[in-house]
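Q: I have a model open and would like to go through it step by step. Could you help me read it?

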Amino acid sequence: MTMATADEIAAQEFTRVVERHRPQIFRFLLSSTRDVDLAETLTQECLLKAHRNWGSFRGESSAMTWLMRIAINLQKDHWRNRRMQFWRTTRTNSVDLDEASEWLPSGESSVEQQLLARERVKQVWKAVEGLSERQRTVFLLRYVEEQELSAIAAATGLSEGTVKAHLSRAVARVRLELGGKR
Amino acid sequence: MTKDFKDEREGLKEQTVDAQDAELDEALRDFKSSVYAWSDAAYFRPRVVTREVRGRNWRLATGWALGCVLAAGSVSGGLYERHHRREMEKMAAEQRAAEQRLREQQAKAAISDEALLADVDSAVSRQVPSAMEPLAQLMSDDGTK
């Protein structure tokens, strides 16, 4: 196999991976930041970084886990940079909880059910907002992206035990928020 | 009796936990659906590149303005250069004319001086008294006796 052919195959493979996982990466970043523009920017950066390092990907974890790890690190870097720039008058594009809770799939449920669902979603968003960065990441990976604990551990660089502990605290917080509103 | 009450209380507690879990599950399901709906809407929304277009317009306007400034500068520079050259030529011509006039005046003055001297000479020569003629003849041309 010539070098050019190997490169072409690698490029095709990367294109397939991007096409398959890009929406999921975007969704995770959107739920983490609640900012569409920022989520798009970080998704682009994630894929660019992945493209640069595609040669070093050995397939020890799934491509999705590898991409998610890059996305989590980029998001961490972003918040760290934002904290460093606290003195700047930066405009945040994050939508508020009410706006984020507006989104519901157009199901067959009644208006009343839709309203109840919207209220529940708002309460979960409120609980998520109060979580630490790690707890939020673990919670979103588990309950939105439905990833296995082992995959979450690989993506976050934490042990499975730590992931369980973070998840437990996050769920307790959500439960408390839901219970407190009844 | 006490045991029955305890069992009943345990049963109620389990029912409460189950109800809470059911509510939690429902909330988490709704939350997931909501995030998916929002993400899909954002991901597949038509992209409007107003900022890019505005930037391109701005660059175009700047380009045109700079082009106009350059063209105006070139034209005015050329006109100024032409005007300056004409002024220089005019000044050189005036200077040449003045020099010519000066030369003519000088030549005229030289002629009038010569004529004056000639007049003076002739007048002086005419005024030599005839009584001095013999004395004048005694003197040679180089002034020796």
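Q: Is Val128(A) buried or exposed?
A: Val128(A) counts as buried, because its relative accessibility is 2%, where buried means under 20% relative accessible area, exposed over 50% and partly exposed in between, with a 1.4 Å probe and protein chains only. This is a predicted model, in which local features need pLDDT of at least 70 and side-chain atom pairs count only at pLDDT 80 or more, while totals for chains, interfaces and linings use all residues. Residues are numbered from 1 along each chain as its sequence is written, chains are lettered from A and ligands numbered from 1 in the order in which they are written, and side-chain values use heavy atoms, with hydrogens and water left out.

Q: OK, and what is Val128(A) in contact with, leaving aside its neighbours within four places in sequence?
A: Val128(A) is then in contact with Arg136(A) and Phe139(A), and also with Phe31(B), contact being heavy atoms within 4.5 Å.

Q: How far apart are Val128(A) and Val174(A) in space?
A: Their C-alpha atoms are 7.4 Å apart, although 46 residues separate Val128(A) and Val174(A) in sequence.

Q: Switching to chain B, what is its average pLDDT?
A: Chain B averages 79, and 72% of its residues score at least 70; pLDDT is the predictor's confidence in each residue, from 0 to 100.

Q: And for the complex, what ipTM does the predictor give?
A: The predictor gives an ipTM of 0.85, together with a pTM of 0.61.

Q: Last one: is Leu138(B) buried or exposed?
A: Leu138(B) is exposed, because its relative accessible area is 64%.
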